[in-house]
Amino acid sequence: MLNRIRELRARHNLSQLELARKVGVRRETIVFLEKGTYNPSLKLAHAIALVFGLTIEEVFLFDEQ
């Protein structure tokens with residue numbers, strides 16, 4: 001699953017650690033999300049979207065194939 005987390009973090013001047021603390025996960029989780037090697041739970045995806053003031057669909061890009 002593709003996502004815009006790295007781009008959005010940069011736009012909001014947030015480090016991986018700061019984002020991780022805001023959503024209640026370890027920094028490594030944010031690293032794995034940004035690399036696309038980890039799919040978040042719905043709860044985590046929602047928390048991340050709230051930090052950026054966006055919908056889940058605006059942060060996480062679902063491949064419809």
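Reply: This model is predicted. A salt bridge requires a side-chain nitrogen of Lys or Arg within 4 Å of a carboxyl oxygen of Asp or Glu. Here the side chains of arginine 6 and glutamate 34 form such a bridge, at 3.3 Å from N to O. The pair links distant parts of the chain, since arginine 6 lies in helix H1 and glutamate 34 in helix H3, 28 residues apart.

Me: Is glutamate 34 buried or exposed?

Reply: Buried means under 20% relative accessible area. Glutamate 34 has 12% relative accessibility and therefore counts as buried.

Me: Which salt bridge joins glutamate 34 to arginine 9?

Reply: Their side chains meet at 2.5 Å, N to O. This pair also links distant parts of the chain, with arginine 9 in helix H1 and glutamate 34 in helix H3, 25 residues apart. Arginine 9 is buried, as is glutamate 34.

Me: How many salt bridges does a search of the whole structure find?

Reply: The search finds 6. Among them, arginine 26 and glutamate 28 meet at 3.4 Å, N to O. Arginine 26 counts as exposed because its relative accessibility is 60%.

Me: How should I read the faces of a helix?

Reply: An α-helix has 3.6 residues a turn, so residues three or four places apart point the same way. In helix H2, residues 16-23, the buried residues are Gln16, Leu19, Ala20 and Val23. They cover an arc of only 100 degrees around the axis, which puts them on the same side of H2. On the other side, Arg21 and Lys22 are exposed.

Me: Which helices do the buried residues of H2 pack against?

Reply: They pack against helices H1, H3 and H4.

How values were computed. Residues numbered from 1 in each chain as written. Predicted model: local features only at pLDDT ≥ 70, side-chain atom pairs only at ≥ 80, totals over all residues. Heavy atoms only, no water. Buried < 20%, exposed > 50% of the residue type's maximum accessible area, 1.4 Å probe, protein only. Helix = DSSP H or I, 4+ residues; strand = E, 2+ residues; numbered from the N terminus. Arc of directions from axis to C-beta. Contact = heavy atoms within 4.5 Å.
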